[in-house]
Structures are given as structure tokens and as C-alpha cells.
Amino acid sequence: MSRQLTFHIFRFNPEDPKSEPHTDTFVLEETPSLTLFIALNKIREEQDPSLMFDFACRMAICGSCGMVINGRPGLACKTLTTELPQEITLMPLPVFKLVGDLSVDTGTWFRQTNTKIESWIHTDQEFDAEAVEERMENDLANAIFELERCIECGCCVASCGTANMRPDFVGAFALNRIGRFIMDPRDKRSNPDYFEVVGTDQGIFGCMGLLACEDVCPREIPLQDQLGILRRKMAFQGLKNIFKPKEKGHHRRF
Ligand code: SF4
Ligand code: SF4
Ligand code: FES
């Protein structure tokens, strides 16, 4: 016999002066292979057309549908109701600006953070549209790709104690991204350059290392390893900065 699922869903429209934060309850019969994506669409179609939530790809690659599912950030399109108890509580991701109900604006946060950490290849090489693509060793290309799999869903940020306390913390997403550039031989930044970007409390030294981020990452990116490597590199660089403040080459070249 199929289960009757009870959804407790956070409701609030910051654009509506009459709206107050509250929870609405909806009951839905569980069907085979029901995901939260399908369940929310059914609720919106059959019970409340005003319910706000975000989806695009429905296959865990666009990162739009992050929400807090029974207290844990995750992707609604990837979550089967069979993985959950009969009572399901859905909240919007914290840290990000609330658009309404379960919809948050992750795009602005990611754009600002990518700008802050200078999330692009830094090179003084002139762009040549005719140039033959440079070769890269397969192992290195695969290692970079492993970190490139982030879909900017925001789950790691929402789960992070530091990010919840300090709006200027760049989060595991950004620290992982820096790890990706450190590995890339095309990026000519040196450790002192990276230290200027993430060698602060807003960066790696704000991380408490409890690794909620890795636990919730739907792409299973090895955040623990990346944060550890970056912490060691930046701590070493910090010591060098103290003992050799005038080290040659410690300047931004780009
Ligand atoms: S390990 Fe660091 S980045 Fe990850 S959740 Fe904890 S404080 Fe945040
Ligand atoms: S690192 Fe994982 S949890 Fe964080 S934004 Fe990327 S895919 Fe989402
Ligand atoms: S809808 Fe794209 S990740 Fe869920």
C-alpha cells in the first residue's frame, strides 16, 4: 500500500508586505519513483499554484533545486521520497537571498564570489584564436575535471557553519575552485598570489574543518582533500610571509 506523504513547506514572499513566514502542510500519495521535484510540481498543479521553487534540468546538473530537506541541504530533483520518512519538511537554503518559499537567489552569490576569488585562468599569454590547443597530460586533465564538476548548487555553502555566521566567507565551493586553478599549469599565479585571495578569515582560515560541506555535496567532490591541501599550502605561505616579508616574486602580475 502506498504511503500518504505529509509535506511541511516554508512559505514567505518577501515582496508581499502582507506575507509572514510560516509553514503550510500538504498531503500527497506516494507513487513509484516519486522525486521531490515531481512531488512539488504535483502540489503546485493540484493544491497551490502560488508555491515557489526552482528547477531547470531535473537531472542533478543545473544546481537550481537545492533546498533543505528534513534539515539537510540537497537537490530536490535527485531525492526520491522513498529515501525519506512520511513527514517531509522543506525549507529554502540559508545564506542566499530568499526569492520566495523554497526559491533562493544563488546566482548573485556565486557571481560575486567568483569575482572575489578571481575565478579565471590568470596568464600573460596573448589570446590567439588560431593557436593549436595546448596538450595536457591525461591524469592532470582528469584531476582538474574532478574539481570542475561543481554545479554551483549552494548545498555546501548552506551547510557550512562559517558561511551561516559570516556573509563574507567564500565557502567550500570557492576553496575547491582555487584548488582547481592551483593545479592548472596555464594559471601563472603563485602561492603568494593565492594567499592574497584566500589566505584570510574570509577564505581558508575561516573554515572550521568540520566538513559538513563534503557530506552534502551532491556531486561528491572531494572537498575534504581540497580544503586540507589548501590549508597546508596557505599556512606555509603565511609563515613564509612572516619570516620573509620581502620575498622576491610576491606581487600580483595580472
Ligand atoms: S569544512 Fe569548512 S567549508 Fe566545509 S562546512 Fe566546515 S567550515 Fe564550511
Ligand atoms: S561543491 Fe558540491 S555542494 Fe558545493 S556548490 Fe559545488 S556541487 Fe554544490
Ligand atoms: S533541477 Fe537541475 S539540479 Fe535539480
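In this predicted model, the shell around ligand 2 draws at least two residues from each of α4 (155-159) and α6 (171-183), where helices are DSSP runs (H or I, at least four residues) numbered from the N terminus. The largest share, three residues, is supplied by α6. Of the 14 residues around ligand 2, those that come nearest are Cys150, Cys153, Cys155, Cys156 and Cys217, a residue being counted if its C-beta atom, placed from the backbone, lies within 6 Å of the molecule. By class, this shell holds ten nonpolar, two polar and two charged residues; Ala, Val, Leu, Ile, Met, Phe, Trp, Tyr, Cys and Pro count as nonpolar, Asp, Glu, Lys and Arg as charged, and the others, Gly among them, as polar.

Ligand 1 is likewise surrounded by 14 residues, of which Cys160, Ala172, Cys207, Met208 and Cys213 are the closest. Two or more residues of its shell come from each of α5 (161-165), α6 and α8 (212-216). The shell around ligand 1 comprises nine nonpolar and five polar residues, with no charged ones.

Helix α6 also packs against α3 (residues 138-148) at an angle of about 165°, with the axes 9 Å apart; axes are lines fitted to C-alpha atoms over the stretch in contact, and angles run from 0 to 180 degrees between N-to-C directions. The two helices, α3 and α6, are therefore roughly antiparallel, a term for angles over 145 degrees.

Residues are numbered from 1 along each chain as its sequence is written, and chains are lettered from A and ligands numbered from 1 in the order in which they are written. Local features need pLDDT of at least 70 and side-chain atom pairs count only at pLDDT 80 or more, whereas totals for chains, interfaces and linings use all residues.

Note on methods. Parallel < 35°, antiparallel > 145°, perpendicular 65-115°, else oblique.
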